[in-house]
Amino acid sequence: MFNGKTKLYLYVGMFGSGKTELSLNTAIFLREKQTHVAIADIDIISPYFRSRDEKSFLEEMQIKMVTVPERYMHADLPIIPPEVGGYISNPDFLTVVDVGGNEDGAIVLGSLKNFIDKVEKSTFFVVNIFRPFSSTKSEIISNIDRISRTGKIKIDYLVNNSNVGSETKFDDIKMGEEILTEVSKETSIPLAFTSVDQDMDYEGNLAVFKIKRFMKNPW
């Protein structure tokens, strides 16, 4: 997936699937290989945890955070910075886009279609089978269909991000792989990778992307 051809990385999925974690980690991974990397936060759905919350950390790594002005950073307002289209179009930048959850979040992609369709992109549908309405093959396929239609975008890859936080066990991740393998067979959408905590030793049937978990539990 990180093949040197893709310029735009889009993460979509249901609410709480882990899109933000993967967007942040993808930007960090790309920054190790490329000088100019941007991450665009277009999540207008969830004020709980968004890429913009890690703005200072990303800037220390010289990753451009494209988000709303400082005074609106924590406001629950449907603001999409006009710079998003500019970074998507900029040939010097690899850009990661953190999209809001469910259909409401995907609607924003439709407004950026003129920019998105002009660049080499990869759209990743993130699944955590332990989130509501994402535990079965039929539920996941239905979610894929609704989000792709709402966002007017083709899903290129499936990502297994099945976890239950710090309680995640090997079998939890493997169960996610098994269900998504069935989804892949039925939809013909290839599986990209399984994401696991950076401290976890896991080997399954898919490539493994070890990630730093930025989201902290409130307890």
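This is a predicted model: local features need pLDDT of at least 70, side-chain atom pairs count only at pLDDT 80 or more; totals for chains, interfaces and linings use all residues.
Residues are numbered from 1 along each chain as its sequence is written. Local features need pLDDT of at least 70, side-chain atom pairs count only at pLDDT 80 or more, and totals for chains, interfaces and linings use all residues.

User: Why is Q62 called exposed?

Analyst: Exposed means over 50% relative accessible area, buried under 20%, and partly exposed in between (1.4 Å probe, protein chains only). Q62 has 57% relative accessibility, so Q62 counts as exposed. The phi of Q62 is near 60°, a positive value in a residue other than glycine.

User: What makes K152 exposed?

Analyst: The relative accessible area of K152 is 52%, so K152 is exposed. Its phi is near 55°, again a positive value in a residue other than glycine.

User: Why is V164 called partly exposed?

Analyst: V164 has a relative accessible area of 35%, and therefore V164 is partly exposed. Together with F130 and M175, V164 makes a nonpolar surface patch of about 220 Å². Nonpolar side chains (Val, Leu, Ile, Met, Phe, Trp, Tyr) are joined within 5 Å, and like charges within 9 Å.

User: How do the residues of the lining of the largest cavity divide into nonpolar, polar and charged?

Analyst: There are 5 nonpolar, 4 polar and 1 charged. Ala, Val, Leu, Ile, Met, Phe, Trp, Tyr, Cys and Pro count as nonpolar, Asp, Glu, Lys and Arg as charged, and the others, Gly among them, as polar. The lining includes M14, F125 and R131.

Technical notes
Side-chain values use heavy atoms; hydrogens and water are left out. On a 1 Å grid over the protein atoms alone, a cavity is a set of points where a 1.4 Å probe fits but cannot get out, and a pocket is an open set with protein on both sides within 12 Å along at least five of seven lines; lining residues have an atom within 4 Å of a point. Patches are made of residues with over 30% relative accessible area and no salt bridge: like charges are joined within 9 Å, nonpolar side chains (Val, Leu, Ile, Met, Phe, Trp, Tyr) within 5 Å. Accessible areas come from the Shrake-Rupley method with a 1.4 Å probe; for residues, only the protein chains shown count as cover. A salt bridge is a side-chain nitrogen of Lys or Arg within 4 Å of a carboxyl oxygen of Asp or Glu.
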